[in-house]
Amino acid sequence: MRTRWHSLRDAATLLALGAGAWTSVMAQKVNDLPGGPAVNQLNFAPPVTKIAEEQHWLHWFMMAICAVIFVIVFGVMFYSILKHRKSVGHKSQELAEPIWVELGWTIVPLLIVIGMALPATKVLVAQKDTTNADLTIKATGMQWKWGYDYIKGEGEGIGFLSTLDNSHRVMSDSGKLTPTDDYLLKVDNPMVVPVGKKVRIITTANDVIHAWMVPAFGVKQDAIPGFVRDTWFRAEKTGDFYGQCAELCGKEHAYMPIHVKVVTAEEYTAWVNEQKKAMAAKADDPSKVWALTDLVKRGESVYAANCAACHQANGKGAGPIKALDGSALVVDADKGKIINVLLNGQNNGAMPAWKQLSDTELAAVMTYAKNSWSNKTDQIIQPAEVQAARK
């Protein structure tokens, strides 16, 4: 038994050392992400807005007050316990409580609370002042991505979806990780804003509660279905800043990053012009009649960006996610059934609605599903059919 125990202990030691070495090697390969998390981070993210700076100051101010109170209260308590303990001959006795004692332990805590509340209230009121914004952007949370609509200011009319970069999802699903500083934070379309401008963020959601959070901005605002909330920030530095959905929103919660790119005024104007040109180029006439091959090709990219995360690239699904390959719904000759599912969702939101996609994008992805993998139906859904179903 002794020999066996030593062998088990040695094996456990080797495993622990091996795990520690592996962790150390991995840690060496990942660096701090400017605008995002840092390796072994203990403090808040470096602030790039006045509000975030105020929050940092408030944090340390409160910590200092609490530390002083802790030292005084526990110092007096432990001194009294040690100095007046029974073992050295002290006996308990009843003492009269003078009025100054009663007033003291009532007034002093009250003054401390007021002293903490005043600066906290100032910061809280400033956080909620969304007036006089230079730019207003609606951030819509959905399982599991963000939709951004520029609704006021320069760039008005621009709208797009921001989704986790597919290469990061592939790494996560496979378990074969390539050390990268922005793991699970890289998106295909970051939000772009100008430096030094007040940006109002209006939050809402399509399905469940999400939360839009960027620590470097000192911003965290819930996005609730059927409600509108707002917050704001004014970035004082250019660069890339990262956050994540901060409300548990389902199985893909970890795959819902936020990337805000802060650029100069000139760079922002150039980006706006590029986006408007791209939107004009992508603007599809829903009355256009597409050929099957063209619609399938368009649908492949729409599927990769929006559907592959759950249904997989091979259409096989996973766990409770139904397979599209060989699905009776997908191959059904009644096109109205699949159109209804994509427009309205089903199973209490397990399959979300995709009304945010255009008629052409929906028609393309459905046509792609009907003619991919083993689904060789030769069926085609035209954008006009989706447009008619929306009404």
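Which residues line the largest cavity? Before I answer, please note that this is a predicted model. The lining of the largest cavity is made up of M142, Q143, N206, D207, P352, A353, W354 and Q356. The space inside the largest cavity amounts to about 50 Å³, and the count of cavities of 30 Å³ or more is one.

From Q143 in that lining, let me move to E266, whose C-alpha atom is 34 Å from that of Q143. Along the chain, the two are 123 residues apart. E266 belongs to helix α5, residues 265-282, and is exposed, at 62% relative accessible area.

I now come to the salt bridges, of which the whole structure has 10. One of them pairs E53 with K50 at 3.9 Å, N to O. Both residues sit in helix α2, residues 50-83, about one turn apart. E53 is partly exposed at 34%, whereas K50 is exposed at 53%.

Next, D230 and R200 form a salt bridge, with their closest N and O atoms 3.0 Å apart. Because D230 lies in strand β8 and R200 in strand β5, this pair ties together parts 30 residues apart in sequence.

K261 and D240 likewise meet in a salt bridge, at 3.3 Å, N to O. Here K261 is in strand β10 and D240 in strand β9, so the pair links parts 21 residues apart in sequence. K261 is partly exposed at 31%, as is D240 at 26%. Finally, salt bridges with shared partners join R169, K251 and E252 into one network.

Technical notes:
Residues numbered from 1 in each chain as written. Predicted model: local features only at pLDDT ≥ 70, side-chain atom pairs only at ≥ 80, totals over all residues. Heavy atoms only, no water. 1 Å grid on protein atoms, 1.4 Å probe; cavity = no way out; pocket = protein on both sides within 12 Å on 5 of 7 lines; lining within 4 Å. Points joined across faces, edges and corners; volume = space filled by probe spheres on them. Helix = DSSP H or I, 4+ residues; strand = E, 2+ residues; numbered from the N terminus. Buried < 20%, exposed > 50% of the residue type's maximum accessible area, 1.4 Å probe, protein only. Salt bridge = Lys/Arg side-chain N within 4 Å of Asp/Glu carboxyl O.
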